[in-house]
Amino acid sequence: MVDLSEATWSKSSYSGTNNDNCVEVARNVKGVVAVRDSKNPDGPALVFTPAVWRAFTGAVRQDPSAL
């Protein structure tokens with residue numbers, strides 16, 4: 001299990017002002033990228049390797065409609 005107690009979470013600038021459907025990402029935890037639902041910051045987080053996160057975000061940049 002990854003310790004996320006020191007994670008620094010950030011929200012995308014695309015989240016807008018309503019903040020109803022946002023995710024937060026923490027990139028400061030060694031060896032992982034963590035993602036959580038901003039509406040439930042005490043809930044579970046998904047944890048990815050940096051390589052998997054880069055592949056995902058790269059694919060989304062290339063074709064956002066694929067989601």
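Helices here are DSSP runs of H or I that hold at least four residues, and they are numbered from the N terminus. In this predicted model, Trp53 and Phe56 both belong to helix H1, where three residues, about one turn of the helix, separate them. Helix H1 covers residues 50-62 and also contains Thr57.

**Aromatic residues**

Two aromatic pairs are present in the structure. In one, the ring centres of Phe48 and Trp53 are 5.8 Å apart and the planes stand at 35°, so this pair is tilted. The rings of Trp53 and Phe56 have centres 5.5 Å apart and planes at 40°, so this pair is tilted as well. Planes under 30 degrees apart would count as stacked and those over 60 as edge-to-face. Together, Phe48, Trp53 and Phe56 make up one aromatic cluster.

**Accessibility**

The table lists the relative accessible area of the residues discussed here.

| Residue | Relative accessible area | Class |
|---|---|---|
| Phe48 | 27% | partly exposed |
| Trp53 | 13% | buried |
| Phe56 | 41% | partly exposed |
| Thr57 | 18% | buried |

Because buried means under 20% relative accessible area, Trp53 is classed as buried at 13%. Phe48, at 27%, is partly exposed, and Phe56 is likewise partly exposed at 41%.

**Thr57**

Thr57 lies in helix H1 and is buried, with a relative accessible area of 18%. The Thr57 side chain reaches the backbone oxygen of Arg54 at a distance of 3.3 Å. A polar contact requires a pair of N or O atoms within 3.5 Å.

Technical notes. Residues numbered from 1 in each chain as written. Predicted model: local features only at pLDDT ≥ 70, side-chain atom pairs only at ≥ 80, totals over all residues. Heavy atoms only, no water. Helix = DSSP H or I, 4+ residues; strand = E, 2+ residues; numbered from the N terminus. Buried < 20%, exposed > 50% of the residue type's maximum accessible area, 1.4 Å probe, protein only. Polar contact = N/O pair within 3.5 Å; in protein donor to acceptor, adjacent residues only side chain to side chain. Phe/Tyr/Trp six-rings, centres within 6.5 Å; stacked < 30°, edge-to-face > 60°.
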